[in-house]
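Biologist: Hi! Could you walk me through this protein while we both look at it?

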Amino acid sequence: MKGRRSARAPLIWLALALAICVPIALAAGSVQLAWRGPVYILAGFAGIIALGLVLVQPLLIGGYLPGLSAYRGRRAHQWIGGTLVLAVMVHVAGLWITSPPDMIDALTYTSPTPFSPFGVTAMWAIFTVALLALLRRRLGLRLRTWRIVHLPLAVVIVAGIVAHCLLIEGTMETISKAALCAAVLAATVKVLVDLWRRRTLRGESA
């Protein structure tokens, strides 16, 4: 039993690493990169990394990653959130440099591409969460209030970024991209269900 537990932890971390790194590696080998400039490639990979970070976030806050205490999980969640903001900014800035008209259309929700509004909505939700997290103490937001605000925005982020990625026909390989998106959705649903169960149990015991 102890041996199974000791083997389970590295397997979970290995599965997480593969879920994130395999799509990145396959995208790095895409033939479509041959016609792209370095800024566009950097912007594209920043977006792929952002998708991977969105998978890590619910796993951290749900306490599903072995070897991390609840405190370290929350701290890592905050740092990964900051990195996610940075990745999104690099993604948007790179696309702006390579094609300002396309980005203006995207940011104003007038782009003809179906994936744009999902990505832009997810971006604003990410920035809103990050800003509220920075100002939480100054605004006097209690933990309960913070969760009420954060959870719906997290759902918008996950739904938006997954729809955005699935609708893009770019450098990401189809199966690995779908698998990563499915993992993001599964991890998010798992966290939401567990939170609902805990809240229900607390209500019954009160």
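Modeller: Happy to; we can take a few spots one by one. Keep in mind that this is a predicted model.

Biologist: Good to know. Let's begin with salt bridges: how many are there?
Modeller: The count comes to one salt bridge. The side chains of aspartate 194 and lysine 190 meet there, at 3.5 Å from N to O.

Biologist: And how far apart are aspartate 194 and lysine 190 along the helix?
Modeller: Both sit in helix H7, which covers residues 174-205, and they are four residues apart, so about one helical turn separates them.

Biologist: Is aspartate 194 buried or exposed?
Modeller: Aspartate 194 counts as buried because its relative accessibility is 12%, and the cut-off for buried is under 20%.

Biologist: New topic! How many aromatic pairs does the structure hold?
Modeller: It holds one aromatic pair. The rings belong to tryptophan 124 and phenylalanine 127, with centres 6.0 Å apart and planes at 80 degrees, so this pair is edge-to-face.

Biologist: Why does 80 degrees make it edge-to-face?
Modeller: Planes over 60 degrees apart count as edge-to-face, and the planes of tryptophan 124 and phenylalanine 127 are at 80 degrees.

Biologist: Where do tryptophan 124 and phenylalanine 127 lie?
Modeller: Both are in helix H5, residues 116-139, and they are three residues apart, about one turn of the helix. Tryptophan 124 is partly exposed at 43% relative accessibility, and phenylalanine 127 is also partly exposed, with a relative accessible area of 25%.

Biologist: What lies over the face of tyrosine 40?
Modeller: That's arginine 36, at 4.4 Å from the ring centre.

Biologist: Now the histidines. Where is histidine 77 found, and what is it in contact with?
Modeller: Histidine 77 is found in helix H3. Setting aside neighbours within four places in sequence, histidine 77 is in contact with Gln57, Leu60, Ile61 and His150. At 15% relative accessibility, histidine 77 counts as buried.

Biologist: And histidine 164, is that one buried or exposed?
Modeller: Histidine 164 counts as buried, with 14% relative accessibility. You'll find histidine 164 in helix H6, residues 143-167. Beyond its neighbours within four places in sequence, histidine 164 has contacts that include His91, Phe115 and Phe118.

Biologist: How far is histidine 164 from proline 117 in space?
Modeller: They are 7.9 Å apart, C-alpha to C-alpha, while in sequence 47 residues separate them.

Biologist: What about leucine 86, buried or exposed?
Modeller: Leucine 86 is exposed, with a relative accessible area of 52%. It lies in helix H3, residues 70-98. Leucine 86 and proline 58 are 28 residues apart in sequence and 18 Å apart in space, C-alpha to C-alpha.

Biologist: Last one: what is the phi of tyrosine 109?
Modeller: Phi of tyrosine 109 is near 60 degrees, a positive value in a residue other than glycine. Tyrosine 109 is placed in the loop between helix H4 (100-107) and H5, and it counts as partly exposed at 44% relative accessibility.

How values were computed:
Residues are numbered from 1 along each chain as its sequence is written. This is a predicted model: local features need pLDDT of at least 70, side-chain atom pairs count only at pLDDT 80 or more; totals for chains, interfaces and linings use all residues. Side-chain values use heavy atoms; hydrogens and water are left out. Helices (H or I, at least four residues) and strands (E, at least two) are DSSP runs, numbered from the N terminus. Buried means under 20% relative accessible area, exposed over 50%, partly exposed in between (1.4 Å probe, protein chains only). Contact means heavy atoms within 4.5 Å. Rings of Phe, Tyr and Trp (its six-membered ring) pair if their centres lie within 6.5 Å; planes under 30 degrees apart count as stacked, over 60 as edge-to-face and the rest as tilted. A charge sits over a ring if NZ of Lys or CZ of Arg is within 6 Å of the ring centre and within 35 degrees of the ring normal. A salt bridge is a side-chain nitrogen of Lys or Arg within 4 Å of a carboxyl oxygen of Asp or Glu.
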